[in-house]
Amino acid sequence: MNQNADTKEAIKRWEAFADTYSKNHTEQGDLHKEVFLNPTLFSLMGNVKNKKVLDAGCGEGYLSRILSKSGAAVTAIDYTPRMIEIAKERTPHNLVIDYKHGNCEDLNALGDKSFDLIVSNMVIQDLANYEKAFQEMYRLLVDGGRFIFSILHPCFVTPECGWEKTESGEKLHWNVDQYFYEGAYEQGLGDKEKMLFFHRTLTSYINTLIKTGFVLERIVEPMPSDEMLKKYPSFEEDLRCADFIVFKLKK
Ligand SMILES: C[S@@+](CC[C@H](N)C(=O)[O-])C[C@H]1O[C@@H](n2cnc3c(N)ncnc32)[C@H](O)[C@@H]1O
């Protein structure tokens with residue numbers, strides 16, 4: 001794998017995968033979003049009524065639609081043209097969402113201090129230049145504005161990771177390797193598609209956020225709630241290690 005593969009290559013793969021990916025999404029997103037990410041994101045966001053919100057890397061747009069239904073004025077950006085098409089198709093006429101095609105690493109079409117809140121759900125690990133994206137998010141926020149983003153947990157989802165199993169398939173423990181590697185790596189998503197992600201250490205994420213000027217307000221490593229475990233018992237194994245981490249930052 002070419003460690004220096006770029007965002008354009010990642011987007012080429014998203015373009016090919018957009019329809020298959022979106023098929024798994026209801027108005028609550030996919031199962032992992034319903035169980036882990038939505039409860040965390042909504043509790044961190046609080047009341048969004050009348051807030052100017054950017055959904056950075058909106059995908060097929062479920063989160064933008066929820067935010068818009070909650071009274072936010074939503075701008076939604078994605079760099080994959082097919083994702084924006086699907087998001088528009090899925091948005092009923094009575095919801096006003098400003099969908100735009102754009103790269104989170106360079107959002108010069110949007111003015112300084114345009115948003116009260118920026119949310120980016122499972123996007124930052126797709127970006128070759130995450131430093132530039134953080135600078136853009138900082139520029140776009142009003143003073144005191146919040147940036148909330150979720151990513152694959154970099155301590156557990158590394159370029160080499162997975163369950164150690166017995167011959168009969170019993171899961172023994174989760175293996176982690178190549179933690180200090182920084183750069184592009186491939187990961188299967190769905191049956192055959194190999195997506196391109198970019199790994200960095202937790203230290204790099206946190207130090208880059210601090211260098212950008214953000215104040216770290218909270219970190220959450222989401223776990224399935226009792227209510228979700230009752231609904232989806234197979235998520236019990238996710239009490240063993242964290243798949244995701246969510247950051248809340250203040251400008
Ligand atoms: C895992 S999906 C998440 C989509 C959406 N946030 C959600 O939660 O359903 C990642 C999304 O990031 C988008 N993306 C990847 N790189 C991007 C970039 N440089 N700028 C904007 N969007 C990007 C992809 O096109 C894809 O729609």
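How are α1 and α4 oriented to each other, roughly parallel or roughly perpendicular? I opened the notebook with this question and worked on a predicted model.

**Entry 1: α1 and α4.** I looked up the two axes first. The axes of α1 and helix α4 (residues 81-90) cross at roughly 30° and come within 7 Å. Angles under 35 degrees count as roughly parallel, and I therefore recorded α1 and α4 as roughly parallel to each other. I then listed the residues in contact. On the α1 side I noted W14, E15, A18, D19 and S22, which meet P81, R82, M83 and I86 of α4. By class, the residues of this contact between α1 and α4 divide into five nonpolar, three charged and one polar.

**Entry 2: α5 and α6.** I turned next to helix α5 (residues 130-140) and helix α6 (residues 202-212), which pack with their axes 10 Å apart and at an angle of about 40°. That angle makes α5 oblique to α6. For the contact itself, I found T208, L209 and T212 in α6 meeting Y130, E131, F134, Q135 and Y138 in α5. The residues of the contact of α5 with α6 comprise four nonpolar, three polar and one charged.

**Entry 3: the ligand shell.** Which residues are the closest to the ligand? I noted G57, G59, Y79, T80 and N121 as the closest of the 24 residues that surround the ligand. The elements that give two or more residues to this shell are α1 (7-23), α3 (62-69) and β2 (73-78). I recorded α1 as the source of the largest share, four residues.

**Entry 4: the whole chain.** I finished with the overall picture. I counted seven helices and eleven strands in the chain. Along the principal axes, the C-alpha atoms fill a box of roughly 55 × 40 × 35 Å. I compared the radius of gyration, 18 Å, with the value near 18 Å for a compact globule of 251 residues, and noted that the chain agrees with it.

Key. Residues numbered from 1 in each chain as written. Predicted model: local features only at pLDDT ≥ 70, side-chain atom pairs only at ≥ 80, totals over all residues. Axes fitted to C-alpha atoms, helices over the stretch in contact; angles between N-to-C directions. Parallel < 35°, antiparallel > 145°, perpendicular 65-115°, else oblique. Contact = placed C-beta atoms within 7 Å. Nonpolar A, V, L, I, M, F, W, Y, C, P; charged D, E, K, R; others polar. Near = placed C-beta within 6 Å. Rg over C-alpha atoms; globule rule 2.2 N^0.38 Å.
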